[in-house]
Amino acid sequence: MQTTLRGVGVSHGVAIGEVRHMGTAVLEPPAKQIPAEDAEREQGRARQAVEAVAADLIARGNLAGGEAQHVLEAQAMMAQDPELMADVDRRIAVGSSAERGVYDAFASYRALLAGAGEYLAGRVADLDDVRNRIVARLLGVPMPGVPDSDQPYVLIARDLAPADTALLDPALVLGFVTEEGGPTSHSAILARALGVPAVVALPGAGELAEGTVVAVDGSTGEIFVEPSAERRAALEGAAAARKAALSASTGPGATSDGHKVPLLANVGGPGDVPAALEAGAEGVGLFRTEFLFLDDSAKAPSEEKQFDAYRKVLEAFPEGRVVVRVLDAGADKPLDFLTPADEPNPALGVRGLRTLLDHPDVLRSQLTALARAAEGLPVYLEVMAPMVADRIDAKAFADACREAGLRAKFGAMVEIPSAALRARSILQEVEFLSLGTNDLAQYTFAADRQVGAVSRLQDPWQPALLDLVALSAEAARAEGKSCGVCGEAASDPLLACVLTGLGVTSLSMGAASIPYVRTTLAKHTLAQCERAAAAARAADSAEEARVAAQAVLSGE
């Protein structure tokens, strides 16, 4: 008998296949005392294991490229954290074995992260994965991971670490389902980049028996257990029709009556550019520059290194629009030379623009590199600041851009509710707004974007979030300026129509989502999008908003 389960769909497409579970193992080493004379040898073993794991993560990142490479490089830095290693050495010095010292040191740091607020608590899964890899190497046992199978399957896991997700083979892993995670977790972002259908935050997914046939709809979040022949045929037919429509869809983003909605790509560096061009991106709506800085947390990259990376991206879109976000450091992206180490809640402390204003030399170097990179190119360069709270922030950023001789439009990201509420005031200082819906939802609902238990509050369909988007778009329209969305909300084709109806002027997303959004927008008029937006805002929950918008756009 067919059973239907529902999680959170985070990557489009349909996958039908047998369940295979992610391998698990207990990796807690025994708590045995070692002789004092063995301490130095055990400390050496621990350091060698850490370096080997860091090297493996970097190698996996190099193989994967793109977004995955940046995530895995950040994990490698986590493995080599000097404070963590100092704690490991201390524990070994008083009698712990190498593996037990690593396990206990990571457990202590894990507890700190779990209680440190929104962003850092979201990195617990990544920390656990790093710990498991180091301990497994020290114990000489295989690292639990993706099952060994020569037949395609649907992968089921409690959660997927970036190192596992990045190297999934789409020819074998038809799709995946996790019990934890959220729509903006690393595994969700990487699933979209891979084009693998995925559903997250499905409690009880681990109870699905090995070999059970399931159908995964990554768009709706539905899981059909032992689907009937009719259900399979319907899903496969819909998937084939969608694929044909995507292949036929080309050109700039627009509604069916010709209202233009530029579709832009989110990139982390030059490695993400080929996929963006292949998807037909009209430019870049979010160039995350922090990954340049994460290569070495001890010092800022040279102006020359920044210039080279910026120039490559700008050259790829000779007459397109490229929106660069200056360094967003702090919270889950700490940098030893830049961010304070003792903040009780880093997500609510010195982060983003606040960090840069405290270190004007770092901001000046980045803006100067951007100014040089744009010289002689016809590209439309726009530069925006993260975590802008008010007009004072916006003015400080605009002044810094002018002082650096930057010939570009200056903008502000709307990620804090105060920026949406006072958007018109902020627009007196800058020329455009860009909505980061991931953080805006997180701060609006006090809901960590990495925690599956609060994923319903991270749903970008939440009417309160749509209200803040509408406020920002209305302010921009009143000032004759633009207001785009560069958060993951833009990658949902149905929601893209609603955002257009709210007055958003451009949409930026992972490259893999662009064809889906282009195809869906082209089916509806601007008036239909506006009616769908009004219906969604009138709802009382994210699910009701989604259903109401769907009813309008399908003509029900």
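Which residues does Arg325 touch, not counting residues up to four places away in sequence? Arg325 touches Leu286, Phe287, Arg288, Thr289, Glu290, Gln366, Met384, Pro386, Met413 and Glu415, where a contact means heavy atoms within 4.5 Å. This is a predicted model, in which local features need pLDDT of at least 70 and side-chain atom pairs count only at pLDDT 80 or more, while totals for chains, interfaces and linings use all residues. Residues are numbered from 1 along each chain as its sequence is written, and side-chain values use heavy atoms, with hydrogens and water left out.

**Confidence**
- The mean pLDDT of the chain is 87, and 90% of its residues reach 70 or more, pLDDT being the predictor's confidence in each residue on a scale from 0 to 100.
- Over residues 117–122 pLDDT stays under 50, although the model has 27 contacts beyond four places in sequence for this stretch.
- Where pLDDT is low, the predicted coordinates should not be read in detail.

**Overall fold**
- The chain has 24 helices and 16 strands, which are DSSP runs numbered from the N terminus (helices H or I, at least four residues; strands E, at least two).
- The radius of gyration is 24 Å, which agrees with the value near 24 Å that a compact globule of 556 residues would have; the radius is taken over C-alpha atoms, and the globule rule is 2.2 Å times the number of residues to the power 0.38.
- Along the principal axes, the C-alpha atoms fill a box of roughly 75 × 65 × 40 Å.
- Among contacts between residues at least 6 apart in sequence, 69% join residues at least 24 apart.

**Burial and charge**
- Buried residues make up 57% of the 556 residues in the chain, with buried meaning under 20% relative accessible area, exposed over 50% and partly exposed in between (1.4 Å probe, protein chains only).
- The chain carries 50 positive and 75 negative side chains, and the centres of the two sets lie 4 Å apart; Lys and Arg count as positive and Asp and Glu as negative, while His and the chain ends are not counted, and each charge is placed at NZ of Lys, CZ of Arg, CG of Asp or CD of Glu.

**Two residues in detail**
- Arg325 is found in strand β11 (residues 321–325), and it counts as buried because its relative accessibility is 7%.
- Leu357 lies in helix α13 (residues 353–358) and counts as partly exposed, at 35% relative accessibility.
- Leu357 touches Asp393 and Ala396, not counting residues up to four places away in sequence.
- The C-alpha atoms of Leu357 and Ile426 are separated by 17 Å, the two residues being 69 residues apart along the chain.
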